[in-house]
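Student: Could you show me how to read a model like this one, step by step?

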Amino acid sequence: MFSLTSGTFLHGCKLPLRKMLVGLLLLADAVKGMSASQFSRQLDVQYKTAFVLMHKIRASLLVENSRTLLEGNVQIDGAYFDTKERKPNEHKAAREKPAQDKAKEEWKPTPRCILVARQVSDERRKGAVKTVIGFAPCENGRDVDDFVARHIADGATVTSDEHAAYAMLIAHYKLTRVNHSQRYSGPNGENINHAESYFSRFRRMQIGQNHFFGKHLLGYAAESAWRDDNRRKSNEENAMALLGLLLKTNQDGLWQGYWKRYLRKGKAVTLPKASPKARGSRLATAA
């Protein structure tokens, strides 16, 4: 049967429209995001419903983020998340051990780097206006070059720190760099403050709300990027924007039927697999 939500991120969703709009307003109002437990209490729905709806929103934001192209002045940086295992609670050790053993089989905490690039407005006091995020096992030249080639237009001015991963960008962009071991900004005022402010807010989201991102790290990063870019808009505008994203076509069927079949056997990884031959292609050309 065809409906307005057929083939979209809301395909099969049974929440009434009024409750859906209230939920989107609640999420738009949460500066640092919201946990699924809190969302389920405030919206008066089951935890499962809240969990899946929030991840559908993050999936739609991630798809939209992957299509964003930056130009003009761009700042780029990387940071690591979820690098340590959560310590066990001694009082519940016996009861939690089976669940911990199962979790270790599905996911092992290894260093994972989130790359961020932010387009900075030329207008005074406006700050960053667009943010794109990406994933890499670590800050390395091949992944950085692949990320930049997809998201930064030719002719842009890129600012980074002195990490070796960004050195080859000078072959394709006007590159300025800041040596953080000596100063916070360069002699002409160049800095990556906006990129670092994104990571600061992202970590506040982790500490204050979600605590552990796990295999959904990229989805949470896309949510944080969207919140940063739309921080000056009203709750109504942001809620309507989220609804518009949810009503777009969900070509990959992300998060459909989660509790019945999808992602039940450790397939919940939203991080991209190692990319093809495209990775490092420009590096090879430059070399």
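Tutor: A residue is called buried under 20% relative accessible area, exposed over 50% and partly exposed in between, with a 1.4 Å probe and protein chains only. In this chain of 287 residues, buried residues make up 44%. The model is predicted, so local features need pLDDT of at least 70 and side-chain atom pairs count only at pLDDT 80 or more, while totals for chains, interfaces and linings use all residues. Residues are numbered from 1 along each chain as its sequence is written, and side-chain values use heavy atoms, with hydrogens and water left out.

Student: How many helices and strands does the chain have?

Tutor: Helices (H or I, at least four residues) and strands (E, at least two) are DSSP runs, numbered from the N terminus; here the chain has nine helices and five strands.

Student: In what order do the strands lie in the sheet?

Tutor: Two strands pair if DSSP finds at least two bridges between them. The five strands form an open sheet with mixed pairing, in the order E3-E2-E1-E4-E5. Strand E3 (128–136) and strand E5 (174–178) are at the edges with a single partner strand each, so one side of each has no neighbour in the sheet.

Student: How many bridges join E2 to E3?

Tutor: Strand E2 (residues 112–120) runs antiparallel to E3, and eight bridges join the two; isoleucine 114, for instance, has phenylalanine 135 in E3 as its bridge partner.

Student: Which strands does helix H5 touch?

Tutor: Contact means heavy atoms within 4.5 Å. Helix H5 (residues 141–151) packs on the sheet and touches strand E1 (73–81), E2 and E3.

Methods
Axes are lines fitted to C-alpha atoms, for helices over the stretch in contact, and angles run from 0 to 180 degrees between N-to-C directions.
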